[in-house]
Amino acid sequence: MPIPEDVTGEEIDKDVRQELLSLPKGLAEDVAKNLVMVARLIDEDPEGAYAYSKIALRLASRVAAVREAAGFAAYANQKYSEALAEFRAARRMTGTVDLWPVMADCERGLGRPEKALDMAGAPEVHKLDKAGQVEMRLVAAGARRDMDQLDAAIVTLQSPELASNSVQPWTARLRYAYADALLAAGREDEAREWFAKAVESDKDGSTDASDRLAAMDGVEFVDAFVEDEDEDGDDDDDERDDEGELQEEASAADEAEADIDIDLDLEDEEDDDIEDVEDEVEAKVDVVEVDAVKEDVVKEEDDKD
């Protein structure tokens, strides 16, 4: 697949670049460029990111960063079995537990929420940093909801991180998940409160908390661009209607003109017929007159004799 000219491969994280040092220089550059494309496209074009990840995987399948990138690309395309296999491979290569929460979420994607809950209670969770532990809590709450255990999901999300007033990278998502669980349980007033808190902490727009809050308040957003398109479409329809009416009028005028031409043709034909009859009558009169003259001449000759 083509690589844009502005991609050099130097954009990747220094830790990943360090891993690629085990490869020949030219190969390392090619792999790095493909990894950059994976990172660039994974949110906007998951399928494109997946395609680049497969190229990187073919070039350097023994590099943990490549297996991890391939896992996230597959995960973004809901290829959970493939993603889980890549995450497991990366974990074996690095020996770290950083991918434990997303591996558990792959189990959810595969329809195995019980397995995800088992992983949430495994010793590996205690080795995660704070962000990883919050992510694991989110996955566990999702698994509870998969099993229709709404109250348990709400309790799972109740934690010191949720109650804290400090805003961390995970705060908005945690508050959003809690609000969504409350709403699913029919606790609308509490849900509205936590959606509002999620909006306060969502500085980068990682959730649609503001939209959910507006919907609960009965506020509807109108896309001006779509509205303009509709208006333009109405104008086009009016123009097409006007054109259709003009065409119909023109057709009617043509038909009327054609009728006039036919009437004129008929009149011309009638005039021609009359002229033909007159010619025939005149010819017959001439014949009669000639015969009469002949009779007079013959009679005069007889009288002389």
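User: Before we start, what does "buried" mean here?

Analyst: Buried means under 20% relative accessible area. In this predicted model, buried residues make up 31% of the 305 residues in the protein.

User: Okay, so why is Glu-107 called buried?

Analyst: Glu-107 has a relative accessible area of 2%. The cut-off is under 20%, so Glu-107, at 2%, counts as buried.

User: And how do you know that Glu-107 and Arg-112 form a salt bridge?

Analyst: Look at the gap: N to O, it comes to 2.6 Å. A salt bridge needs a side-chain nitrogen of Lys or Arg within 4 Å of a carboxyl oxygen of Asp or Glu, so the Arg-112 and Glu-107 pair qualifies. Arg-112 itself is partly exposed, at 37% relative accessible area.

User: What makes Lys-130 and Glu-161 a salt bridge, and what does the pair tie together?

Analyst: Their side chains meet at 2.9 Å, N to O, and the limit is within 4 Å. Lys-130 sits in helix 8 (residues 130-146) and Glu-161 in helix 10 (residues 160-163), so the bridge ties together parts that are 31 residues apart in sequence. As for cover, Glu-161 is buried at 15%, while Lys-130 is partly exposed at 42%.

User: Why does the Arg-17 and Glu-10 pair count as a salt bridge?

Analyst: The closest N and O atoms of Arg-17 and Glu-10 are 3.7 Å apart. The rule asks for within 4 Å, so this pair counts too. Glu-10 is exposed at 55%, and Arg-17 is partly exposed at 30%. By the same rule, the count comes to 16 salt bridges.

User: Which residues gather with Asp-15 in the patch of negative charge?

Analyst: Asp-13, Glu-19, Glu-68, Asp-98 and Asp-129 gather with Asp-15 on the surface.

User: What makes this an all-helix pattern along the sequence?

Analyst: There are 14 helices and 0 strands, and the pattern reads α-α-α-α-α-α-α-α-α-α-α-α-α-α.

User: How much of the accessible surface belongs to carbon and sulfur atoms?

Analyst: 47% of about 19700 Å².

User: And what share of the contacts join residues at least 24 apart?

Analyst: Among contacts between residues at least 6 apart in sequence, 51% do.

Terms used:
Residues are numbered from 1 along each chain as its sequence is written. This is a predicted model: local features need pLDDT of at least 70, side-chain atom pairs count only at pLDDT 80 or more; totals for chains, interfaces and linings use all residues. Side-chain values use heavy atoms; hydrogens and water are left out. Patches are made of residues with over 30% relative accessible area and no salt bridge: like charges are joined within 9 Å, nonpolar side chains (Val, Leu, Ile, Met, Phe, Trp, Tyr) within 5 Å. Accessible areas come from the Shrake-Rupley method with a 1.4 Å probe; for residues, only the protein chains shown count as cover. Lys and Arg count as positive and Asp and Glu as negative; His and the chain ends are not counted. The place of a charge is taken as NZ of Lys, CZ of Arg, CG of Asp or CD of Glu. Buried means under 20% relative accessible area, exposed over 50%, partly exposed in between (1.4 Å probe, protein chains only). Helices (H or I, at least four residues) and strands (E, at least two) are DSSP runs, numbered from the N terminus. Contact means heavy atoms within 4.5 Å.
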